[in-house]
Amino acid sequence: MTTTVTPPGKSTTPAQEQKRSRLPKSARAGGTLHAGPVAYLVLALFTIVSLFPLVWTAIAASRDNARLAQTPPPFWFGSNLFSNLEIAWRDANLGEAFLNTTIVAGVSAATIVFLSTIAGFAFAKLRFKGRGAMMLIVIGTMMVPPQLSVIPLYMMVAKLDWTDQLQAVIFPSLVSAFGVFFMRQYLIQALPDEIIEAARVDGASSWRVIWHVVFPTARPAMAVLGMLMFVQAWNDFLWPFLVLTQTGNPTVQVAVAGLGRGYTPDQSLIMAGALLGTLPLLLVFAIFGKQIVGGIMQGAVKG
């Protein structure tokens, strides 16, 4: 004998129960959705396409320049990987470059997350004159190509005598219009006005509301934004290449740009340097990827 449990406040007719019983299990309420072979095929295809550049970089780094110049190119690993990595590490001074890039990316990401969360909260929940116009200005700055600011920014850095110093790379990247917009959109949905009003009733000041209400609520979005900004700062090439040198205080991208120079560039060394520059990002995502994805899902549920 089968007993049907009906949720409180809801009733189902025998016809509805019979119709529901004919549906696949995955289509019923509470059922688990299972992927079919087509879904697995599409996912496998996207995975292969996404991993191919990284795999090809490792293959090229394991060969020599003569083999890379042949047709067809190699599609499997050679025996020169570790020797090329050692030469690239030594010639590009990647130890110092890793330290410099970690400082630049870490300071930039932390500052952007902190300031963007505060500004996003102000634009999302505070009422003040000109809020809409100011938000439009912030969004409008995202439409300006960054190349337009290179010359005036370089003139300013030269006047401050910051060339070939890390602060020349750090200070222009301490704020992000995208970060402000991203945190504003998140806090509009994730932070109810009632919580802020309750904190105000309890006598909390604006800064106390930010520290004890806004930051805990925005933690998932802050983690995602922090990783995005860290990766962006780590991979930045144009501006560090203009204000830093390979022999002074290079970042990873500037150091790798100096590899394999000569009449015939050594592509295997360049690929080895690029592989070394990519490994820290893969390590960061391998360690914190689960927490970041979980934070995104937590924010989605809260919204």
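Author: **A loop and its surroundings**

Take contacts (heavy atoms within 4.5 Å) between residues at least 6 apart in sequence: in this protein, 69% of them join residues at least 24 apart. The model is predicted, so local features need pLDDT of at least 70 and side-chain atom pairs count only at pLDDT 80 or more, while totals for chains, interfaces and linings use all residues. Residues are numbered from 1 along each chain as its sequence is written, and side-chain values use heavy atoms, with hydrogens and water left out.

The protein has 14 helices and zero strands. Both are DSSP runs numbered from the N terminus: helices are H or I, at least four residues, and strands are E, at least two. Of its 303 residues, 31% count as buried. Buried means under 20% relative accessible area, exposed over 50%, and partly exposed in between, with a 1.4 Å probe and protein chains only. The accessible surface is about 19,200 Å², and carbon and sulfur atoms hold 67% of that. Areas come from the Shrake-Rupley method with a 1.4 Å probe; for residues, only the protein chains shown count as cover.

Now the part itself: the loop between α7 (150-159) and α8 (167-170). Most residues other than glycine have a negative phi. Asp161 sits in this loop, yet its phi is positive, about 60°. Asp164 belongs to the loop between α7 and α8 as well. Its phi is also positive, near 65°. Cover is the next point. Asp161 is exposed, at 55% relative accessible area. Asp164 is partly exposed, at 22%.

What does Asp164 touch? One partner is Asn249. Asn249 lies in the loop between α12 (238-243) and α13 (252-257). It is partly exposed, with 25% relative accessibility. Neighbours within four places in sequence aside, Asn249 contacts Asp164, Gln165 and Leu166, together with Glu96, Asn100 and Leu244. Thr163 is 86 residues from Asn249 in sequence, but the two C-alpha atoms are 9.8 Å apart.

Next, α5. This helix spans residues 94-125, and its axis comes within 10 Å of that of α6 (residues 131-141), crossing at roughly 135°. Axes are lines fitted to C-alpha atoms, for helices over the stretch in contact, and angles run from 0 to 180 degrees between N-to-C directions. That makes α5 oblique to α6. The classes are roughly parallel under 35 degrees, roughly antiparallel over 145, roughly perpendicular from 65 to 115, and oblique for the rest. The α5–α6 crossing is left-handed. Left-handed means the near helix is turned anticlockwise from the far one by less than a right angle; clockwise is right-handed. Ala122, Phe123 and Ala124 of α5 meet Arg131, Met134, Met135 and Val138 of α6. By class, that contact has six nonpolar residues, no polar ones and one charged. Nonpolar covers Ala, Val, Leu, Ile, Met, Phe, Trp, Tyr, Cys and Pro; charged covers Asp, Glu, Lys and Arg; the others, Gly among them, are polar.

Last, α9 (residues 177-190) and α11 (residues 206-235). Their axes come within 10 Å and cross at roughly 145°. This crossing is right-handed. Residues making the contact include Phe178, Phe182 and Tyr186 of α9 and Val214, Leu225 and Met229 of α11. The tally is 15 nonpolar, two polar and no charged residues.
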